[in-house]
Amino acid sequence: MSLRIVVTVKYVPDATGDRHFADDLTLDRDDVDGLLSELDEYAVEQALQIAEDADGAEVTVLTVGPEDAKDALRKALSMGADKAVHVEDDDLHGTDIIGTSLVLAKAIEKAGYDLVISGMASTDGTAGVVPALLAERLGVPQVTLLSEVSVDGSTVKGRRDGDAATEQLEASLPAVVSVTDQSGEARYPSFKGIMAAKKKPVQSWDLSDLEIDAEEVGLAGAWTAVESAAERPARTAGTIVKDEGEGGKQLAEFLASQKFI
Amino acid sequence: MAEVLVYVDHVDGAVRKPTLELLTLARRIGDPVAVALGNGAADTASTLAEHGAVKVLTADAAEFADYLVVPKVDALQAAFGQVSPAAVLVPSSAEGKEIAARLAVRVGSGIVTDAIDLEAGDGGPVATQSVFAAAYTTKSRITRGTPVITVKPNSAPVEPAPAAGTVEELAVTFCEGATGTKVVARTPRESTGRPELTEAAIVVSGGRGVNGAENFAIIEALADSLGAAVGASRAAVDAGWYPHSNQVGQTGKSVSPQLYIASGISGAIQHRAGMQTSKTIVAVNKDAEAPIFDLVDYGIVGDLFQVVPQLTEAIKARKG
Ligand SMILES: Cc1cc2nc3c(=O)[nH]c(=O)nc-3n(C[C@H](O)[C@H](O)[C@H](O)COP(=O)(O)OP(=O)(O)OC[C@H]3O[C@@H](n4cnc5c(N)ncnc54)[C@H](O)[C@@H]3O)c2cc1C
Ligand SMILES: Cc1cc2nc3c(=O)[nH]c(=O)nc-3n(C[C@H](O)[C@H](O)[C@H](O)COP(=O)(O)OP(=O)(O)OC[C@H]3O[C@@H](n4cnc5c(N)ncnc54)[C@H](O)[C@@H]3O)c2cc1C
């Protein structure tokens, strides 16, 4: 039996560029370059490692996003994933967390899976809840926020470093996993990988393929509404001094003037 | 007045500060009903009552400790069914967000995560979020179902407001999937005696410039002179100089203290994402061009090995 792994990957605006809101208070995608969310590279990496260790495995990368989101899929394919699914539909514009999890869950079911691997959070919305929602919707165990993950037969094991404790977790497949950036450096695509990716299949599905009504998603179907978005005022320029030997003492004076000491 | 469910974050009965902040926010939109689960749940009641809980629903069962997240979702859902609240507030910890999201989908509600403020509005509570590494401030509403909102630490003052705090046992039926993810071992984090990173009024952080695990003693000494928590950049964590649980930034903790002191940290966007909302920012960096200086209220261009120990001594001298 071959292990079917689906990796969810998000196409996000480059965090090092200027990110903006458009007039409808959704993400402005025109003004800024997009890419595969860096935190999802860790998910792709773990999927590839699990696949390498398994006896026959297939890694499918899945994104829900606009046309350009194909770039994120290509990157994941060039890292070594086998095939890709792109869910693309004009009616998806402005979908919220709940809607996104619905679309992803339906697409994962349609693709067929034993293991879903997600990033710990996207680098734009940064909610970090989609993996838990996928587990809820698919009705399978969630094994999330793992800094270490392995699959042993039909069991997935991992380490979750929480606020209060480190936990060793275990669940039976099928399951949803999310991995942190502590899970291991993601590989760079090789030239061979980049060339091979061009020939790998990318399937496109729209809402009707997933039997989802347009009213359930998009800006109109969102269960949350952004009412305003204001750019944070630039911080007023602070005092910057060069240390001439008394820097520590000067800093102490500043802290005292602000009543911190 | 409408009731508002507040999920309680506690360790063996000791309520953590973010929950007390949630009670302050909850009172703006209704009467707080607290839900405390697991070992020591009943012991939380007096503290919760002092801070405005009209009722405390408690439940303890082995499932809460032995299996991940889902048993707690089942319990919160039971409380939801019992109270029919006007809103549900949950602390924005990693686990809190997962619990809140699963509840939202179960009860057919939208969710806002990582709110930094909350006010009553005509169409239900309005949540403020700080997004894109704190470059934007947004205000959002939940338009479908009962608002489920997770709130970041340090988002509201802790204000005592004594209320009845009647304790009631919550009856929980676990769903079939509750035992899906087994916790086979748990190693509690050792206490350093320093304040909790996300709750501290002052955070002192070190980065790659600290140049070695042993040199973090300099950062710790400064922190101790101020009663502060210690943070680290990912570069310092990846180098193995400080534990990941102390990482500040996008993939670490997000902090918003009164004072943040960064030493030997350049100020990459992912680091800024976790500290940019600090009230006062101070940096020590030997590179005058480091991007962290764009954020600071006070910056010293200099060698941290000179500046930081001198600062620590000066603070100690002032405090006598
Ligand atoms: C600044 C900002 C704030 C937002 N706040 C809210 C909010 O409070 N409430 C709300 O309902 N919506 C919100 N949204 C919308 C929300 O971000 C998107 O609907 C999103 O696709 C799901 O949430 P996330 O990106 O935060 O995902 P996370 O939960 O952070 O993502 C975790 C993982 O899920 C997977 N994943 C997430 N989205 C996709 C995708 N489209 N395709 C493939 N895989 C994916 C990835 O593996 C990712 O690593 C916000 C969006 C932005 C840009
Ligand atoms: C997806 C993703 C998530 C990330 N998440 C995080 C995160 O959560 N937190 C985080 O911090 N980073 C995160 N990063 C990493 C981030 O991009 C930076 O690499 C990191 O913050 C750099 O750490 P640093 O400032 O300590 O090191 P550097 O950028 O190397 O800066 C070191 C600084 O120390 C100064 N210095 C050196 N010696 C001295 C001295 N003797 N005295 C004074 N100054 C000195 C230097 O001038 C320099 O400015 C993330 C990256 C990615 C891609």
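This is a predicted model: local features need pLDDT of at least 70, side-chain atom pairs count only at pLDDT 80 or more; totals for chains, interfaces and linings use all residues.

Student: Let us begin with ligand 1: between which chains does ligand 1 lie, and which residues are closest to ligand 1?

Tutor: Ligand 1 is placed between chains A and B, and of the 31 residues that surround it the closest are T8(A), K10(A), D40(A), S122(A) and G128(A). Sorted by class, the shell around ligand 1 consists of 14 nonpolar, 13 polar and four charged residues.

Student: Which helices and strands each supply at least two residues of that shell around ligand 1?

Tutor: In chain A these are strand 4 (57-64), helix 3 (97-111), strand 6 (115-119) and helix 4 (130-138), while in chain B they are strand 7 (111-119) and strand 8 (126-131).

Student: Turning to ligand 2, why is the site around it described as shared between chains?

Tutor: The site is shared because the residues that surround ligand 2 come from chains A and B. There are 27 residues around ligand 2, and those that come nearest are R208(B), S233(B), S266(B), Q270(B) and N285(B). Oxygen atoms of ligand 2 lie 2.7 Å from a polar side-chain atom of Q270(B) and 3.1 Å from a backbone N or O atom of Q250(B), and a nitrogen atom of the ligand lies 3.0 Å from an N or O atom in the side chain of D303(B). The protein buries 83% of the 990 Å² that ligand 2 exposes when taken alone.

Student: How is a pocket found, and what volume does the second largest pocket have?

Tutor: Rolling a probe the size of a water molecule over the atoms shows where empty space is left. The second largest pocket here has a volume of about 590 Å³, and among its 27 lining residues the closest to its centre are E38(A), Y42(A), D181(A), R234(B) and Q270(B). Helix 1 (38-53) of chain A provides the largest share of that lining, four residues, and helix 7 (234-238) and helix 8 (269-272) of chain B each supply at least two. By class, the lining divides into eight nonpolar, eleven polar and eight charged residues.

Student: How many aromatic pairs does a search of the whole structure find, and how is a pair classified?

Tutor: The search finds six aromatic pairs over all chains. In one of them, F216(B) and Y242(B) have ring centres 4.6 Å apart and planes at 25°, so the pair is stacked. F216(B) lies in helix 6 and Y242(B) in the loop between helix 7 and strand 15 of chain B, so the pair ties together parts that are 26 residues apart in sequence.

Student: Finally, what should I look for in the backbone?

Tutor: Most residues other than glycine have a negative phi, and most peptide bonds are trans. Here the peptide bond from L173(A) to P174(A) is cis, with omega near -5°, and P174(A) sits in the loop between strand 9 (165-172) and strand 10 (175-179) of chain A. A134(B), although not a glycine, has a positive phi of about 70°, and A134(B) is found in the loop between strand 8 and strand 9 (136-142) of chain B.

Methods
Residues are numbered from 1 along each chain as its sequence is written. Chains are lettered from A and ligands numbered from 1 in the order in which they are written. Side-chain values use heavy atoms; hydrogens and water are left out. On a 1 Å grid over the protein atoms alone, a cavity is a set of points where a 1.4 Å probe fits but cannot get out, and a pocket is an open set with protein on both sides within 12 Å along at least five of seven lines; lining residues have an atom within 4 Å of a point. Grid points are joined across faces, edges and corners, and a volume is the space filled by probe spheres set on the points. Ala, Val, Leu, Ile, Met, Phe, Trp, Tyr, Cys and Pro count as nonpolar, Asp, Glu, Lys and Arg as charged, and the others, Gly among them, as polar. A residue is near a molecule or strand if one of its heavy atoms lies within 4 Å of it. Rings of Phe, Tyr and Trp (its six-membered ring) pair if their centres lie within 6.5 Å; planes under 30 degrees apart count as stacked, over 60 as edge-to-face and the rest as tilted. A polar contact is a pair of N or O atoms within 3.5 Å; within protein, one must be able to donate a hydrogen and the other to accept it, and residues adjacent in sequence count only if both atoms are side-chain atoms. Accessible areas come from the Shrake-Rupley method with a 1.4 Å probe; for residues, only the protein chains shown count as cover.
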